[in-house]
Structure formats: structure tokens, C-alpha cells
Amino acid sequence: MQRSRDKMERGKIEELCESKKRLRVCVATCNRADYSKLAPIMFGIKSHPEEFDLEVVVLGSHLIDDYGNTFRMIEQDDFDIGSKLHTIVRGEDEAAMVESVGLALVKLPDVLQRLRPDVLVVHGDRFDALALATAAALMNIRILHVEGGEVSGTIDDSIRHAISKLAHYHACCTHSAEQHLIAMCEDHSRILLAGCPSYDKLLSAHCREDHRDIIKSWLGDNVKEQDYIVALQHPVTTDIQNSIKLYGLMLDALLSFNKRTLILFPNIDAGSKEMVRVMRKKGIEQHPNFRAVKHVPFEQFIQLVCHAGCMIGNSSCGVREAGAFGTPVINLGTRQTGRETGENVLHVRDADTQNKIYHALELQFGKTYPCSKIYGDGNAVPRILKFLRTIDLGEPLQKTFCFPPVKDSISQDIDHILETQSALAVDLGGTNLRVAIVCMQGNIVKKYTQPNPKTYEGRMQLILQMCADAMKDAVRLNCRILGVGVSTGGRVNPQEGVVLHSTKLIHEWSSVDLRTPISDAMHLPVWVDNDGNCAALAEKKFGHGKGVENFVTVITGTGIGGGIIHQHELIHGSTFCAAELGHIKVSLEGPECMCGSRGCIEAYASGMALQREAKRLNDEEMLMVEGMDKKLLEPITAAHLITAARLGNSKAEAVLNTASTALGVGVVNILHMVNPSLVILSGVLSSYYQVPVQHVISQRALFSAQSIRVVKSDLEEPALLGAASMVLDYATRRTY
């Protein structure tokens, strides 16, 4: 009995120890640039020894004398380096880069087998990092990739995305990077939008009181703040000769500009040896205006960039860290093409003489820009540490990818290539159910219309039957259907393809999973969204919103709805009810709305509201005027109200003036909240409301918003085209 009790106690103790097991984290750094991003994470891990066991591996250019032997700064930061791997094959050409990756792959297995980390932290897009990620993935070690999902020029893009595909977890810097990772089918639950770790250090350290001493130590006693230049240019491995040419032109422009300049040696990529030769041929190292160095400690480099009159080159520091200080930057060439930048960056994509670069220096030097925090807010490390704590080592190691649902793959053959790529679009309205085949150009190849059944079973059966009929016709019409897009009234979760809550016009349509049954029947990926959002997507792809960064679409039909495009992306909101524009309040009282509230735009300006007022005037015998059909054989509609107003009926005019003002005031509220550059009116009433709404904006909006244009949509079928655009944008690998 006692033995049994002792055994139980030992088991509890072992279980407790196991539950408190420290996460063994290995951080591998390859060069001075990635260490500036990884060091804050390393300090954070080291400060929690009860939770984490930190191992540090150093490789790459850290261990090369020509590049400053930068491993010493890691030791100066009081980190114990577990392994130093000499992995660089000298030559600074393409073959040397490949051989360096191979050498790293030969040496890494022994180190990783000895350290046995739970997680390997890898940064960025360097060829050394690709070797690290490859070795760890093949050795079943979990990988956390820092700064994945970003877009830039050169081979770095391909390497960065390859590392992302090998990595199990992602700590990215910007919302766009997060969206890129999701578009790459990475698991959203394993993506952390953390911000750039280097911002944790630079936002707290860039205002050091000793910055003048740092400037003097690197540039001399007579150099003042904002009266010097920091230059850092690396080779572009996919266009080496052009990058060498641009480097020479930059040096010529700097020589002519005649300002004190701190110039750092390029990195170890292919082409760097030739760039150094160009620098020495021009006598830069001996020139009195220049200080050429191989390395500057990151904390001091921050001060130098922060207080510089300008930074020039193609380093990512120029488009990332420099923005946090508002330092003027001239970005040369294509190495950072696609990076998100602040307004402090002036791009010089190419140049044949130094004149263009010299002119850019004249424009930028000494200029002041607002600080930008695109890449972080200074709290990346706490987020990353919290993320590391959530890693469950008991989860399966095999990573999974979140592909759009599709049942069967279709083999590629010449017939598929010759077919017109198309989408199947479904529009569920209050009255009709419509299906259309829509081609890539936005042309409706064929359309099908049926009355919308009143029950869920009847409606789903009809949707599947109409889609099946359209699929058969698509073969005959030589259209290759890429997927199904569904536009429906109500509140929709587009991530799950579920209608959460329906409008009162569509019965039995709440908590309905549309994606699964359609995908199962059609064997195609399916997208679902609200009809107002679909109208905005239609304008973005085929209408007035094409190429417009920020705009709002307002649907003026039976009800009032719409969609908001902000920074080229559709806004859904935290609970998928963004852009419920019809329920913006324009009165504390006002007529009752179908939502149960009062004073909504929809209660004043929708087709149903105008029909209600038309019936009221007709019942009071105040609708008819000379010129109208006295028989009124058809039911009273909003059209009768508009006709009466045009024929001089003052009562009808008053109703329409109130409706136009309510809609206009609602649009003014939208302008003041999201500040779009364009408002697009869609729906049957748009032609009537366009001029009055523009007038209300000119009278009631803030001065800065009065010039925003209101246009009428030219699209005949916005709901169908928007549903199709969800499919067609995926087919061309664009997110919406």
C-alpha cells in the first residue's frame, strides 16, 4: 500500500516537472542585418529562464573578417554561442552562394542533432536561412519564421516564401504580410502579426542623449545632425551588372553632392566583390568626405540613421527602420520593389547617369517627414514570447496547408488551356434566384433566373439544380468554371461560407452553410459574401472602383446596403457586419426601419420606404397629378412617386427631398468616417439620387471631403459580377 502511494507521488512529481519543462529555443543568426531583428527576441527569451532555454547558433558572414567578424557583437551582448559554423564559400558570385548553402547543409545536422531544440527561430530571406530551414524541416524540428510574407525584389522573395512553406509558425510584421501568408495557404492560427522586433529596440533607443558623440566618432567632430548621408547598397543577385552600374552612379552622385557620407560595405551576395572594386576604383576609402566601414553596431547605426540628412541605397533598413524616424530615404533600383514604405521614401528605379540620383539627393536631403510605424509599434517581442508559450509540442509535427476546398482535381490538357476561364455566380435576392456564367473580362456568357423558393430545402435544391445546368452549358460554351461565388442578403461569414443572419426578405436563411453542399455537389471551391460587399467587389474589378485604393459602394434598391474598399481590400469587420450602410442613423426618431430601429437611411431612402410613402399619398388622394395614368392598374411603387414629383407634385417632391437628404447625410457620415476618394451609387434608384447626394455633400461635408465625387454605377449586374470576382481573383492569385 505504501509502495503504491509512493509510486503515485513520484508520478505526480514527474508530471509536474514535465508540465514545467522549459521550451528549448534555438536562434540561428547569419549576418549583421538579421541579428538586429533577432537580438531583441534573444534578449526576451533570455530574460525568462524559467520558461525558455536559449541556444545560439552563428554562421554565415558573421564569421568573416572582411565583413567585420560581427559574431563579436553577439558575444558583447553576453550571449553564449553554442556553435559557430563557417559556411561561406568565398567568391561572391552565384555559384559561391549555392556552394555556401550546400556547405551549411553538410554542417548543420550535427549541430541540430546535438542541441535538439524544440523550436528553431529563423529570420528573413537569406540563402543561409534557407539552409537552416531546410535542415530543420528534414530533421523534424519546428520552425518559427520571422518576417515572412513580405514582398521585395530579387531572389530574396523566392527564398523568403520557400522558408515560409517550410516553417510551422510565422511572426510577420505587417497586415499585408499576414494576408500574403494566408493567401499562400498557411494556417491562420499559426500566424502572428507581431511587428518588426527591431522596432522594440529602435523606438525606445533612438533618442539617446549621446547621439552627438556617436555621430562624431563615425564621421568627425565638425559634422552636425541632418548634415550627413548614410549610404548602404547591396547587389541584386538577379540583375548583378545593372546593380553594379547603379552603385557606381550612386557614388558619382555622392561625390558631386559633396556632403559627409558614412558608407557601409555591401553584403556577401553575388556581385559584392565587384561593387567593392568600383568603390575602391573611385577612391572612396581615401576621400575626405567619406567614411567607409564594414560594420556599425545596431544601437549606434540607429542613431546615425535617425539623425542623418538622408539615407541612400537599397537596404531594407531604408524602407523599414528609417521610416520610424521620418529620415528621408532614396531607394535605388529594384531590390525593395513591393515593400510597404512610408512617405519618406523616394524611389529611383533606374538611371543611366548620375543626374537623376543627384536630383533625388537635392529633393530629399535635410527634409523632414512624419514618423511611420508601418512595420511595428515597439511591442513585437512580448507578442512573440506569448506566441512561443502557446506552442504545443504534443501537436503533430506535420504541418497542414489551408487550401480552398475542392473535391477533385482536373488534369490539365490542351482543351482546358483553350477554354475561357470563367466563374459560376449565384445571386440570392428577395424575389429571384439567379445563376450566371461570367468570364474573366466580366462578360455574362449566360444567365438563368428562377423565383426564389420560400423554404430552405426548396431553395438549396434549386441552387444545386441551376448550378448543375450551368455547368453542363459551360462545357458546350467552352467555358472552364474555376469556382462558384455566391452573393446573398444578410450577414455572412465569408471565411466559413456561412449565412449568419438573413434579411426579412429571405425566409429560413439563418445559420446556413452554403459552401459545403455546393462544393460537395459541384466539386469546386466556393466563396460566399453579402450582396453589398459583392457589389463593391464588382466595382473594384470591373467598374468605377478599378484601381481606386479607397471607395464606398452604396446600393439603392429595395433596401439600402453597400461595401467599403479600404487600401484595395474589402472591409468585413470583426463580426462581419461592416458596411451596413442602410442602418446608419440620420435621425433620433424618424420612421421605423425593418431592423426594428428608427431613423435609419433605409427607412427614408430605400425603394420600400418610397413605396410606403407613395401608397400613403395615394390613399390620401394626393399622389395623382395631370399627366399620370389615372387607372393605376399596376401596384403603387416608388416609380409612381418619382413620376409624380417630376410632373410637379409638391407632396411627392417633399418626400423625395427628405429621402435624398437622408441618404446624402448618411453618405457624409461615411465620408467623415472612412474618407474614401469615391462614392459609387448602385441599384435602381442610383440615377435619381446621384445629383441630390452630391449636392448634400457640397453643403454639409467638411471642406476636405466636399470634392469627393459621387458616380452612378455602370454595371448592370453588380451582385453577379461581385460573386464572380471572388472566384476570378483567386484564379489570378489575388486576395480580396
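**The five-stranded sheet**

Start with the open sheet, where five strands line up as β24-β23-β22-β25-β26 with mixed pairing. Strands here are DSSP runs of E, at least two residues, and helices are runs of H or I, at least four, numbered from the N terminus; two strands pair if DSSP finds at least two bridges between them. At the edges, pairing on one side only, are β24 (569-570) and β26 (709-712).

This is a predicted model, so to speak of local features takes pLDDT of at least 70, and side-chain atom pairs need 80 or more, while totals for chains, interfaces and linings use all residues. Numbering runs from 1 along each chain as its sequence is written, and side-chain values use heavy atoms, leaving out hydrogens and water.

Next, select 551-556 and 560-566: β22 and β23 run antiparallel, joined by six bridges. Threonine 556 faces isoleucine 560 in β23.

**Helices on the sheet**

Now pick 650-674. This is helix α23, packed on the sheet and touching β22, β23 and β25 (678-682); contact means heavy atoms within 4.5 Å. Its direction makes about 160 degrees with that of β22 (axes are lines fitted to C-alpha atoms, for helices over the stretch in contact, with angles from 0 to 180 degrees between N-to-C directions).

Then try 686-700: helix α24 lies across β22, β25 and β26, at about 175 degrees to β26.

**An enclosed strand**

Jump to 526-530. Five of the five residues of β21 are buried, so the rest of the structure largely encloses this strand (buried is under 20% relative accessible area, 1.4 Å probe, protein chains only). β17 (479-488) pairs with β21 in parallel over five bridges.

Conventions
Buried < 20%, exposed > 50% of the residue type's maximum accessible area, 1.4 Å probe, protein only.
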